[in-house]
Amino acid sequence: MAQAATAHAAGGTVVTGVASVTDDSFATEVLGAEGPVLVKFTADWCPPCRMIAPVLAEVAVELAGRLKVVQLDVDTNPQTQAAYAVLSMPTLMVFWGGEPVMSVVGARAKARLLRELADVL
């Protein structure tokens, strides 16, 4: 089962909703999910990954029930990273019905991410 993570949003408030998945749980938590799942491929050493963390936490709360948001650490989960040819972090990939339907690379503002997600939700 995925473990919920917390992120600090603007103003210092803590929001939850972004769970961590692993190579072992990816098939169940992402590919087997009933609705769309946004996966953030991330790494501890990645500054843009840290920059987008609060944005994704806010999106997870705002779109709860419509979109599941999870993160996968590529350094500790190389099988999933390799399976989807993820080379840059953060890569944001939306899966629906077990297949990737959208992929973007890099940190972005919440408004831009919501516009991009509107095409697949």
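**Fold, surface and side-chain links of the predicted chain**

Read along the sequence, the chain is arranged as β-β-α-β-α-β-α-β-β-α, a total of 4 helices and 6 strands; helices (H or I, at least four residues) and strands (E, at least two) are DSSP runs numbered from the N terminus. The model is predicted, with local features requiring pLDDT of at least 70 and side-chain atom pairs counted only at pLDDT 80 or more, while totals for chains, interfaces and linings use all residues. Residues are numbered from 1 along each chain as its sequence is written, and side-chain values use heavy atoms, with hydrogens and water left out.

Of the 121 residues in the chain, 49% are buried (buried, under 20% relative accessible area; exposed, over 50%; partly exposed, in between; 1.4 Å probe, protein chains only). Among contacts (heavy atoms within 4.5 Å) with a separation of 6 or more, 66% join residues 24 or more positions apart.

The accessible surface of the chain is about 6200 Å², and carbon and sulfur atoms contribute 55% of this area (Shrake-Rupley method, 1.4 Å probe; for residues, only the protein chains shown count as cover). Trp96, Val101 and Leu121 make a nonpolar surface patch of about 240 Å². Patches are made of residues with over 30% relative accessible area and no salt bridge, like charges being joined within 9 Å and nonpolar side chains (Val, Leu, Ile, Met, Phe, Trp, Tyr) within 5 Å. Trp96 belongs to strand β5 (residues 91-96) and is partly exposed, at 38% relative accessibility.

The structure has 1 disulfide (a pair of cysteine sulfur atoms within 2.5 Å). This disulfide joins Cys46 and Cys49, with the sulfur atoms 2.3 Å apart. The link is right-handed, with 80° about the S-S bond, and both Cys46 and Cys49 are buried.

There are 5 salt bridges in the structure (a side-chain nitrogen of Lys or Arg within 4 Å of a carboxyl oxygen of Asp or Glu). In the salt bridge of Glu29 with Lys68, the closest N and O atoms are 2.8 Å apart. This pair links distant parts of the chain, Glu29 lying in helix α1 (residues 26-31) and Lys68 in strand β4 (residues 68-73), 39 residues apart. Glu29 is buried at 13% relative accessible area, whereas Lys68 is partly exposed at 29%.

Glu116 forms salt bridges with Arg108, at a closest N and O distance of 2.7 Å, and with Arg112, at 3.2 Å. Glu116 and Arg112 both lie in helix α4 (residues 110-118), 4 residues apart, about one turn of the helix. Glu116 is buried at 18% relative accessible area, and Arg108 is buried at 9%; Arg112 is partly exposed at 39%. A network of salt bridges links Glu58, Glu62 and Lys110.
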